[in-house]
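Biologist: Please show the model, and let us then discuss it by question and answer.

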Amino acid sequence: MEKVASAVLFPCKYATTGCSLTLHHTEKPEHEDVCEYRPYSCPCPGASCKWQGSLEAVMSHLMHAHKSITTLQGEDIVFLATDINLPGAVDWVMMQSCFGHHFMLVLEKQEKYEGHQQFFAIVLLIGTRKQAENFAYRLELNGNRRRLTWEATPRSIHDGVAAAIMNSDCLVFDTAIAHLFADNGNLGINVTISTCCP
């Protein structure tokens with residue numbers, strides 16, 4: 001009987017939304033945790049919003065439930081984080097629209113240990129991992145004869161900000177560096193999105 005169970009393949013629970021995989025019962029839970037067809041969670045950092053839905057519904061959710069998020073058009077913009085000296089953990093979020101896609105720009109400040117704060121800047125694509133691979137982004141801090149640059153592939157909102165931070169797959173800098181580039185407590189980050197040739 002056990003041999004029969006191990007030979008049976010089961011459809012992914014997201015088959016109704018497009019996943020065509022059939023898996024061993026032992027592989028199913030692991031796949032479903034990362035399946036491209038699972039519902040998307042609200043990509044806003046802070047995790048207070050419990051919304052979930054289809055990829056097509058993410059932008060309308062953001063525009064209706066998170067009205068404070070500014071959207072700038074163009075592949076080259078400045079993401080201005082104001083009051084970076086605010087105490088505690090803080091998130092700055094903005095949208096960038098170019099190449100027919102929307103990108104979420106996030107600057108997150110976390111206190112790593114007593115008195116030591118770090119900033120994490122990341123770009124997420126409102127799209128799938130496969131779509132994200134078609135783009136590259138560059139974040140740049142410019143100051144008095146100083147420049148700090150980070151270039152990478154955006155992550156899909158399916159992966160989220162926490163995964164990028166956990167893997168250090170983002171621009172990371174501390175308070176001292178933030179102050180080198182800040183102007184009256186405001187930090188301007190130049191963001192450039194480009195397409196990658198397939």
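Biologist: Is Cys-35 buried or exposed?

Modeller: Please note that this is a predicted model. The relative accessibility of Cys-35 is 2%. Buried means under 20%, so Cys-35 counts as buried.

Biologist: How many disulfides does the structure hold?

Modeller: Consider Cys-35, for which the nearest cysteine sulfur is that of Cys-19, 3.8 Å away. A disulfide requires two cysteine sulfur atoms within 2.5 Å, and Cys-35 is in no disulfide. For the structure, the number of disulfides is zero.

Biologist: How does Cys-196 count in terms of accessibility?

Modeller: The relative accessibility of Cys-196 is 31%. Values between 20% and 50% form the middle class, so Cys-196 counts as partly exposed.

Biologist: Why are the buried residues of helix α3 on the same side of α3?

Modeller: Helix α3 spans residues 55-65, and its buried residues are Leu-55, Val-58, Met-59, His-61 and Leu-62. They lie on the same side of α3 because the arc they cover around the axis is only 160°.

Biologist: Which exposed residues does the face of α3 turned away from its buried side carry?

Modeller: The buried side of α3 has cover that includes the strands β3 (40-41), β4 (52-53), β7 (90-98) and β8 (101-113), as well as helix α4 (129-132). On the face turned away from that side, the exposed residues are Glu-56, Met-63 and His-64.

Biologist: What is the phi of Asp-83?

Modeller: Asp-83 is placed in the loop between β6 (76-81) and β7. With 44% relative accessibility, Asp-83 counts as partly exposed. Most residues other than glycine have a negative phi. Asp-83 is not a glycine, yet its phi is positive, near 55°.

Biologist: Where is Ser-168 found?

Modeller: Ser-168 also deserves attention for its backbone: although it is not a glycine, it has a positive phi of about 55°. At 47% relative accessibility, Ser-168 counts as partly exposed. Its place is the loop between α5 (160-166) and β13 (171-174).

Biologist: Turning to the whole chain, what percentage of its residues count as buried?

Modeller: The protein chain has six helices and 14 strands. Its C-alpha atoms fill a box of roughly 70 × 40 × 35 Å along the principal axes. Of its 198 residues, the buried share is 41%.

Biologist: How far apart are the mean positions of the positive and negative charges?

Modeller: The protein chain has 15 positive and 21 negative charges. The distance between their mean positions is 1 Å.

Notes: Residues numbered from 1 in each chain as written. Predicted model: local features only at pLDDT ≥ 70, side-chain atom pairs only at ≥ 80, totals over all residues. Heavy atoms only, no water. Buried < 20%, exposed > 50% of the residue type's maximum accessible area, 1.4 Å probe, protein only. Helix = DSSP H or I, 4+ residues; strand = E, 2+ residues; numbered from the N terminus. Arc of directions from axis to C-beta. Contact = heavy atoms within 4.5 Å. Lys, Arg positive; Asp, Glu negative; His and termini not counted. Charge placed at Lys NZ, Arg CZ, Asp CG, Glu CD.
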